[in-house]
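Hi there,

Here is the structure I promised to pass on. Have a look at it first, and my notes follow below.

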Amino acid sequence: QLDADNASDAVSKLGGWLRSWRSHGRSGQNQTEQASLGFQYAKRDHDIGYDIQEVRNQPAYRPALGLPIIQRIRNGTNNWEQGRGQDKGRFASPVILRPHKDTEGNWCALILFVDAHKWPAGKQVYLNGTPKSVSLDLYEAMKKDRSLKAAGI
């Protein structure tokens with residue numbers, strides 16, 4: 001949990017925390033590895049979407065946090081989906097973010113990890129219909145986030 005002043009502050013803190021893991025940034029506004037906890041993961045997924053040779057066959061990370069993902073690129077859109085054809089579906093994130101007010105009126109931002117609903121090991125994601133492997137390393141790194149430990153989580 002992260003302490004918050006009110007509901008709006010809790011939502012803001014939750015959004016900032018999640019962005020620090022999922023975002024690579026926009027061209028010209030890319031975050032640095034130091035500014036974003038998940039930069040290395042998000043950058044790899046960004047590069048896989050652009051079909052960059054060095055990462056083409058490496059596993060993706062962000063699909064384990066929920067699908068679909070729509071990636072806008074120079075020449076169009078990449079669609080990261082759970083299946084192909086009529087089976088595209090949706091994969092709900094196993095990371096749940098909730099603002100919470102306790103019985104004493106104090107607000108906090110709760111981050112819950114639901115391992116029973118995490119991405120199945122060995123299951124592939126489909127990037128524009130092409131299968132790609134998925135790693136749970138990002139999900140596991142989020143669970144070990146030292147900033148959460150420092151906040152008493």
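**Notes on the fold**

In the hairpin of β4 and β5, where 5 residues sit between the strands, Gly105 has a positive phi near 85 degrees. Before going on, please keep in mind that this is a predicted model, in which local features need pLDDT of at least 70 and side-chain atom pairs count only at pLDDT 80 or more, while totals for chains, interfaces and linings use all residues. Residues are numbered from 1 along each chain as its sequence is written, and side-chain values use heavy atoms, with hydrogens and water left out.

A word on the labels: helices (H or I, at least four residues) and strands (E, at least two) are DSSP runs numbered from the N terminus. Two strands pair if DSSP finds at least two bridges between them.

**The sheet with the hairpin**

The β4 and β5 strands pair in the antiparallel sense over 7 bridges, and Pro99 has Ala109 of β5 as its bridge partner. They belong to an open sheet of 3 strands, ordered β1-β5-β4, with antiparallel pairing. β1 and β4 (95-101) are at the edges with a single partner strand each, so one side of each has no neighbour in the sheet. From one strand to the next, the twist averages 25 degrees; axes here are lines fitted to C-alpha atoms, for helices over the stretch in contact, and angles run from 0 to 180 degrees between N-to-C directions.

β1 and β5 are joined in the antiparallel sense over 3 bridges, with Cys108 in β5 as the bridge partner of Asp3. Helix α1 lies across β1, β4 and β5, and runs at about 160 degrees to β4.

**The other sheet and its helix**

β2 pairs with β3 (residues 76-81) in the antiparallel sense over 5 bridges, and Ile73 has Gly76 of β3 as its bridge partner.

How enclosed is α2? Of its 11 residues, 8 are buried, so it is largely enclosed by the rest of the structure. Buried means under 20% relative accessible area, exposed over 50%, and partly exposed in between (1.4 Å probe, protein chains only). Among the buried residues of α2 are Phe39, Tyr41, Arg44 and Asp47, and the cover over them includes α1, β2, β3, β6, β7 and α3. Just after α2, Asp51 takes a positive phi of about 60 degrees.

Arg62, in the loop between α2 and β2, is buried as well, with a relative accessible area of 14%. Not counting residues up to four places away in sequence, Arg62 touches Arg22, Ala42, Asp45, His46, Ile69 and Leu138.

**Cores**

A nonpolar core is a set of buried Ala, Val, Leu, Ile, Met, Phe, Trp, Tyr and Cys residues joined through side-chain atoms within 4.5 Å. The largest one has 16 residues, and Trp21, Val95, Leu138 and Met142 have the most contacts inside it. At least two residues of this core come from each of β1 (2-4), α1 (7-22), β5 (107-113) and α3 (137-143). Another core lies apart from it, with 13 residues, including Ala60, Trp119, Val134 and Leu136.

**Rings**

Rings of Phe, Tyr and Trp (its six-membered ring) pair if their centres lie within 6.5 Å; planes under 30 degrees apart count as stacked, over 60 as edge-to-face and the rest as tilted. The count by this rule is 6 aromatic pairs. One of them, Phe91 with Trp119, is edge-to-face, at 4.9 Å centre to centre and 85 degrees between the planes. Phe91 is in the loop between β3 and β4 and Trp119 in the loop between β5 and β6, so the pair ties together parts that are 28 residues apart in sequence. Phe91 is buried at 10% relative accessible area, and Trp119 at 2% relative accessibility. Elsewhere, ring pairs link Trp17, Trp21, Tyr41, Tyr61, Phe113 and Tyr139 into a cluster.

Best wishes

Methods: Contact = heavy atoms within 4.5 Å.
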